[in-house]
Amino acid sequence: MQYHVNGELVARENATVSVDDRGFRYGDAAFETCRAYGGEVYRWQRHAERLQRTCETLGMPDAVPDDLALRVAETLDANDLEGAYVRTSISRGVQLGKLTPDEDVDPTVVVYVRPLPRGGVDGERVWDDPAVVQSVKTRRPPDAALPADAKTHNYLNGILARLELRTASSDTYQPDEALIRDTDGYVAEGSTSNLFFVDDGVVKTPAEGSLLPGITRELVIELAESEEFPVETGRYTLDNVRSADEAFLTNTTWELRPIETVDGIELGGGPMTSLLQRLYDERVETRCY
Ligand code: PMP
């Protein structure tokens with residue numbers, strides 16, 4: 001494999017960043033996880049916009065290189081990849097010694113790829129089974145503490161939530177996604193996914209505020225609305241989710257992943273989840289293949 005590091009394609013073994021890099025030292029970096037179908041990054045524009053917004057939140061509005069899309073294309077080509085996981089990272093770069101960021105930013109820019117199966121109508125899912133979801137004690141920090149719409153390298157909150165799953169696991173129960181609430185106790189999202197559930201034909205998803213507004217979430221809402229399915233965003237409790245008719249998670253790599261159980265309570269996908277999955281697959285098929 002070859003990765004793109006600071007403008008150069010390098011073999012994976014030589015793809016390194018400095019220990020003085022602030023991305024390593026403080027998680028002081030922005031990133032995006034994208035998916036390529038048929039050799040092109042799907043919804044690149046939306047990912048590029050979110051990356052730019054994150055860099056602005058971090059006070060480094062000029063950090064994203066103008067040729068980032070080209071670097072991504074070169075990395076896919078160099079590895080001969082059509083279907084791929086694509087991660088672009090922009091850190092504040094090497095700065096010595098102190099917490100206060102320097103105004104001058106020489107960002108570290110990395111493009112990382114790995115193969116993923118084909119998507120679209122004849123695609124293969126990247127997950128093996130529907131998600132087993134467990135609610136956790138770890139809460140999402142309020143937006144006023146850590147802007148929820150910034151996708152930074154600092155994923156400790158999600159990691160703490162995933163560590164709780166380990167404690168909850170047994171031979172017969174292995175949750176694989178954490179359901180995280182906000183500090184008021186309302187359901188926010190998964191560690192790396194957004195939550196949807198279906199109640200009496202209404203597609204519901206937690207409102208923005210203490211969650212990362214996912215690019216997949218946005219498209220799923222758009223697809224549901226285009227079919228005139230009622231969509232509601234709001235503040236929901238764990239009980240609202242546990243008593244739903246269907247539930248699923250979304251993110252760029254999973255696309256739509258049905259939820260089998262929440263806290264051991266059976267939910268499963270259902271007709272709405274299947275329909276939205278089909279619409280998503282058809283959209284990928286027509287746009288990418
Ligand atoms: N929430 C969190 C915390 C995430 O890490 C992700 C994955 N980026 C998502 C939601 C889903 O976002 P997207 O659909 O843009 O991949």
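**Exercise 1.** What volume does the largest pocket have? Describe its lining too.

*Solution.* Keep in mind throughout that this is a predicted model.

- Step 1: Start with the space itself. The volume of the largest pocket comes to about 930 Å³.
- Step 2: Turn to the residues around it. The lining is made of 44 residues, and F31, K151, T152, Y155 and L212 are the ones nearest the centre of the pocket.
- Step 3: Ask which elements contribute. At least two lining residues come from each of β3, α2, β5, α4, β9, α5 and β13. Strand β3 gives the most, with three residues.
- Step 4: Sort the lining by class. It holds 18 nonpolar, 19 polar and seven charged residues.

**Exercise 2.** Which residues line the largest cavity?

*Solution.* 

- Step 1: Search the whole structure. One cavity of 30 Å³ or more turns up, and the largest cavity holds about 50 Å³ of space.
- Step 2: List the lining: R35, Y37, Y42, R43, H47, I215, T216, T252 and Y280. The elements that supply two or more of these residues are β3 and α5.
- Step 3: Classify them. Four are nonpolar, three are polar and two are charged.

**Exercise 3.** How many salt bridges does the structure hold? Work through three of them.

*Solution.* 

- Step 1: The total is 24 salt bridges.
- Step 2: Take R140 and E189, whose side chains meet with an N to O distance of 2.7 Å. R140 sits in the loop between β7 and α4 while E189 is in strand β9, so this pair ties together parts 49 residues apart in sequence. Both R140 and E189 are buried.
- Step 3: Take E177 and R162, which form a salt bridge at 2.9 Å, N to O. Since E177 is in strand β8 and R162 in helix α4, the pair ties together parts that are 15 residues apart in sequence. E177 is buried, because its relative accessible area is 0%, whereas R162 is partly exposed at 31%.
- Step 4: Take K98 and D102, with their closest N and O atoms 2.9 Å apart. K98 is partly exposed at 41% relative accessible area, and D102 is partly exposed at 34%.

**Exercise 4.** Which residues make the nonpolar surface patch of about 360 Å²?

*Solution.* 

- Step 1: The patch is made by L156, I159, L160 and L163.
- Step 2: Pick out I159, which is found in helix α4. With 44% relative accessibility, I159 counts as partly exposed.

Notes. Residues are numbered from 1 along each chain as its sequence is written. This is a predicted model: local features need pLDDT of at least 70, side-chain atom pairs count only at pLDDT 80 or more; totals for chains, interfaces and linings use all residues. Side-chain values use heavy atoms; hydrogens and water are left out. Patches are made of residues with over 30% relative accessible area and no salt bridge: like charges are joined within 9 Å, nonpolar side chains (Val, Leu, Ile, Met, Phe, Trp, Tyr) within 5 Å. Accessible areas come from the Shrake-Rupley method with a 1.4 Å probe; for residues, only the protein chains shown count as cover. A salt bridge is a side-chain nitrogen of Lys or Arg within 4 Å of a carboxyl oxygen of Asp or Glu. Helices (H or I, at least four residues) and strands (E, at least two) are DSSP runs, numbered from the N terminus. Buried means under 20% relative accessible area, exposed over 50%, partly exposed in between (1.4 Å probe, protein chains only). On a 1 Å grid over the protein atoms alone, a cavity is a set of points where a 1.4 Å probe fits but cannot get out, and a pocket is an open set with protein on both sides within 12 Å along at least five of seven lines; lining residues have an atom within 4 Å of a point. Grid points are joined across faces, edges and corners, and a volume is the space filled by probe spheres set on the points. Ala, Val, Leu, Ile, Met, Phe, Trp, Tyr, Cys and Pro count as nonpolar, Asp, Glu, Lys and Arg as charged, and the others, Gly among them, as polar.
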